[in-house]
Amino acid sequence: MTERIFNFSAGPAVLPEPVLKQAQRDLFALPEVGMSVLEVSHRSAAFEQIIKEAETDLRILLNIPEDYAVLFLQGGASLQFSMVPMNLLPKGKSADYILTGSWGQGAFKEAKKLGTVREACSTADTNFNRLPKPEELKLDPHAAYVHFTSNETIFGVEFQEEPPAGNVPLVCDMSSNFVSKPLDVSKYGLIYAGAQKNAGPAGATIVIIRKDLLEGVPEGLPAMLDYKNLSKSDSMYNTPPCFAIYICGLVFKWAINEVGGLEKIQALNREKAKILYSAIDSSDGYYRGHAEKDCRSLMNVTFRLPNEDLEKKFVKEATAAGLDGLKGHRSVGGLRASIYNAFPKAGVVKLVEFMGEFQKKNG
Ligand SMILES: *Cc1c(COP(=O)(O)O)cnc(C)c1O
């Protein structure tokens with residue numbers, strides 16, 4: 001087997017090694033099935049078990065209450081930007097959007113095309129380096145829902161607590177910190193996440209929706225965009241992304257059985273992030289974090305160097321040293337280290353060592 005490098009990509013991102021190994025082992029023929037998961041019918045008993053188990057394990061992992069439906073969809077988190085208002089924003093009502101980064105802005109822009117939406121708050125004025133205080137939120141108590149992005153992948157800011165939405169259903173784009181810490185699902189109306197950050201490979205999108213909200217879905221939506229229809233058919237209205245769902249299922253099993261659940265996962269994520277943020281904070285200003293300290297993401301660590309030439313040099317030399325995917329998004333610049341659940345602590349330690357040496361040579 002070829003050597004693996006440390007993959008700091010923001011997504012698609014690193015997967016747990018035991019998952020990759022099991023998928024590789026079973027790719028040619030699933031045990032007891034004799035066919036690859038790539039070949040089986042989605043209507044077969046074999047696949048039915050795979051999707052059922054993936055749902056059951058996700059329910060165990062997140063402790064999802066019975067009155068929530070779990071859907072495995074396609075189209076990425078980006079399609080949810082449209083499906084959420086199509087399904088949950090009736091005519092005559094408006095929805096509130098809390099804008100803390102590019103993904104929230106993207107969701108807002110798409111929703112605007114489909115209904116009445118309000119900006120409840122935006123932190124654009126400081127290039128999304130912070131989260132709003134509860135008193136900054138201009139929330140409408142009659143809104144159809146409040147949308148927020150729990151972790152803004154590009155800027156590296158992560159909500160520690162849900163915004164206070166009162167009785168209005170909370171809708172959350174949880175793509176980049178899904179299953180990274182314990183969660184009280186009952187606080188939400190709807191949660192969605194593209195799988196390719198923390199839950200699996202690209203191709204599957206997970207939606208968790210409180211069942212009473214399905215009742216309000218308007219008639220006449222295109223079948224493929226209708227939560228009620230998709231839920232009624234248990235995510236099998238058409239051919240689902242079978243392989244992606246299979247890998248998500250393996251990731252959930254890994255999270256439960258090998259890591260030991262979300263509390264353990266959170267502790268590991270905190271430990272990894274602390275190592276990296278401490279290195280940034282103890283560099284005498286050579287490395288500067290983008291996000292304000294109390295808003296920092298445990299998943300995406302964004303930071304700058306003294307100038308852009310040094311940032312380019314850093315990325316180039318880090319890549320050569322086996323630390324891949326560190327170039328920041330152009331809207332922040334600098335560096336971004338994405339250290340999702342499956343990212344090993346050894347990779348963070350190696351990055352911190354590299355940072356120390358780079359500063360010594362280029363400080
Ligand atoms: C990656 C990401 C998206 C986009 O996901 P796609 O699956 O590519 O559509 C949306 N929101 C957040 C927070 C993300 O991290």
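Visitor: How many salt bridges does a search of the whole structure find?
Guide: The search finds 14 salt bridges. A salt bridge here is a side-chain nitrogen of Lys or Arg within 4 Å of a carboxyl oxygen of Asp or Glu. This is a predicted model, in which local features need pLDDT of at least 70, side-chain atom pairs count only at pLDDT 80 or more, and totals for chains, interfaces and linings use all residues. Residues are numbered from 1 along each chain as its sequence is written, and side-chain values use heavy atoms, with hydrogens and water left out.

Visitor: Which residue forms a salt bridge with Lys253?
Guide: Glu53 does, with the closest N and O atoms 2.8 Å apart. The pair links distant parts of the chain, 200 residues apart: Glu53 is in helix α2 and Lys253 in helix α7. Helices (H or I, at least four residues) and strands (E, at least two) are DSSP runs, numbered from the N terminus.

Visitor: New topic. What domains is the protein divided into?
Guide: Domain 1 covers 17–258 and domain 2 covers 261–362. Such bounds come from an automatic or database domain assignment. The contact between them takes 28 residues from domain 1 and 24 residues from domain 2, where contact means heavy atoms within 4.5 Å.

Visitor: How much area do domain 1 and domain 2 bury between them?
Guide: About 2,100 Å², with 54% of it on carbon and sulfur atoms. Buried area is the accessible area (1.4 Å probe) that two parts lose on being put together, summed over both. Asn129, Ile154 and Pro182 supply 23% of what domain 1 buries against domain 2, more than any other three residues.

Visitor: And how many salt bridges between domain 1 and domain 2?
Guide: The count is 0. The interface does have 14 residue pairs in polar contact, both residues at pLDDT 80 or more. A polar contact is a pair of N or O atoms within 3.5 Å; within protein, one must be able to donate a hydrogen and the other to accept it, and residues adjacent in sequence count only if both atoms are side-chain atoms.

Visitor: Now the ligand. How many residues surround it?
Guide: There are 13, and the closest are Ser78, Thr153, Asp173, Gln196 and Lys197. A residue counts as near if one of its heavy atoms lies within 4 Å of the molecule.

Visitor: Last one. Is the peptide bond from Gly11 to Pro12 cis or trans?
Guide: That bond is cis, with omega near -10°. Pro12 is in the loop between β1 (6–7) and α1 (17–27). Most peptide bonds are trans.
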